[in-house]
Amino acid sequence: MDELLDATAALAAEYLNSAGTRPVARPVSLEEMVAAIGTDLPDEGVDPLRVVQDLARDADPGLVLTTGGRFFGFVEGGVLPAARAADWLASTWDQNPGFYALSPAAAAVEEICRRWLCDLLGVPGTWSAGFTTGAQLANFTGLAAARHHVLTEAGWDLERRGLFGAPPVTVVVGRERHATIDRALRFLGIGSDQLAVVDVDDQGRMRADALATHLTGGPTIVCAQAGNVNTGAVDPLGEICDRAHAHGAWVHVDGAFGAWAAASPELKHLTDGLERADSLAIDGHKWLNVPYDCGVVLCARPDAHRTAMRLAADYLVRDGERHGSDWTPESSRRARAFAVYAALRSLGRLGVAQLVERSCAQARQIAETLAADDDVEVLNEVTLNQVLIRLGDDERTRRAAAAIQRDGATWLGTTSWQGRVAIRISVSDYATDDAAIETLVAALRES
Ligand SMILES: *Cc1c(COP(=O)(O)O)cnc(C)c1O
């Protein structure tokens with residue numbers, strides 16, 4: 001076992017040490033990768049060391065270097081050293097936080113992270129927390145709690161009677177919501193034609209004044225957003241909460257990456273009102289820089305959260321214990337909070353704020369540098385860590401991104417913004433430094 005672990009650690013170190021020089025990504029087809037990695041399923045087992053060494057060698061051309069600071073596509077985030085190491089231990093320990101009896105340690109770490117996250121994000125320390133695969137399931141969980149609560153208020157016992165025949169629930173979303181909101185709602189029995197879609201401003205922020213027509217006093221859920229995936233803009237959360245709560249509506253905030261602004265004294269003003277929301281989804285694997293997979297749902301109404309998720313089984317001992325399965329849709333699952341604990345403790349309060357502030361300062365620096373170029377147009381107000389640019393026309397912008405993706409020095413993706421093709425630059429890796437930014441700017445200028 002020691003030999004296998006040492007060899008694996010050496011492979012990991014080799015990968016991490018190559019981060020400065022290896023291509024961020026290589027164009028490679030699925031067929032090529034399957035051919036490189038796959039063999040026929042062996043009848044006889046293969047030596048574990050050989051399995052791991054072959055895998056590391058053969059998978060290499062298809063590995064995308066989302067860590068290391070030169071990846072600016074989507075909103076990805078790198079991996080902090082302490083988080084990576086703690087995540088190794090989580091796999092080694094094979095802990096299941098679904099039930100207290102299966103890991104008092106994982107339960108304790110989830111409880112500690114719950115307290116720390118409430119503190120960092122400036123929400124009341126009474127909020128409940130569930131550790132999910134990502135913001136998709138955090139959105140699902142928060143919206144499930146919302147659905148339970150608004151139907152309970154309308155006198156409907158959702159857990160017993162189900163959704164058929166229930167009073168209609170009005171779900172209000174901004175035109176610029178993330179696609180995972182639609183999918184979460186679909187899983188919850190709410191289809192796309194049933195959404196009340198409200199207008200957004202030029203940065204993609206929900207217009208709070210446009211909410212009025214949809215707030216009629218019936219069971220209502222408002223889905224707000226902190227961090228538009230294109231512009232980084234944050235909805236006016238305080239005004240949305242005030243208006244929605246005046247009519248008894250639940251406010252869920254999809255804050256996958258943007259809610260981390262709340263952890264920075266400098267940027268906190270962007271998320272004013274977050275503490276008055278009813279539920280919040282955030283990602284760990286994006287801006288907090290923990291490995292995949294990790295998201296967190298926080299909820300101002302622990303009872304609604306738990307009733308919506310609760311797994312009832314006679315053999316589960318419950319009193320005074322934390323069962324992870326009460327707070328997420330999963331039963332057994334990965335102990336992903338160990339990595340969250342390690343990330344938060346290794347950064348400290350100041351380190352979390354600095355991580356967020358530094359990314360935002362780098363985004364501003366990138367925008368200012370590029371805006372000085374004749375053929376570059378910066379399309380958004382850079383208030384957070386997202387920069388949207390356009391080079392000439394749609395065709396030229398697409399070609400530039402494709403050339404950069406082929407080259408491998410850095411990675412940028414395209415998006416569509418207000419009907420035009422744009423390149424999206426997301427700064428969310430603690431490892432992004434001046435050299436990485438120079439590489440990005442040079443790649444764009446040469447493309
Ligand atoms: C990334 C993202 C999601 C989905 O998060 P996953 O971690 O991929 O599940 C949801 N909402 C927003 C705003 C995001 O940026």
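In this predicted model, strand β1 and strand β7 (residues 295-299) run antiparallel and are joined by 5 bridges.

Two packed helices are described by the angle between their axes and the distance between the axes. For helix α1 (residues 2-17) and helix α3 (residues 48-59), the angle is about 10 degrees and the axes lie 10 Å apart. Because angles under 35 degrees count as roughly parallel, α1 is roughly parallel to α3. The contact is formed by E3, L4, A7, T8 and L11 of α1 with P48, L49, V52, Q53 and A56 of α3. By class, 7 nonpolar, 2 polar and 1 charged residues make up this contact of α1 with α3.

A search of the whole structure for cavities of 30 Å³ or more returned 1. The volume of the largest cavity is about 70 Å³. Its lining comprises 13 residues, of which G174, E176, R177, Q225 and D235 are the closest to the centre. Strand β4 (residues 220-225) supplies the largest share of the lining, 3 residues. The lining of the largest cavity consists of 5 nonpolar, 3 polar and 5 charged residues.

Definitions and conventions:
Residues numbered from 1 in each chain as written. Predicted model: local features only at pLDDT ≥ 70, side-chain atom pairs only at ≥ 80, totals over all residues. Heavy atoms only, no water. 1 Å grid on protein atoms, 1.4 Å probe; cavity = no way out; pocket = protein on both sides within 12 Å on 5 of 7 lines; lining within 4 Å. Points joined across faces, edges and corners; volume = space filled by probe spheres on them. Helix = DSSP H or I, 4+ residues; strand = E, 2+ residues; numbered from the N terminus. Nonpolar A, V, L, I, M, F, W, Y, C, P; charged D, E, K, R; others polar. Axes fitted to C-alpha atoms, helices over the stretch in contact; angles between N-to-C directions. Parallel < 35°, antiparallel > 145°, perpendicular 65-115°, else oblique. Contact = heavy atoms within 4.5 Å. Pairing = 2+ DSSP bridges.
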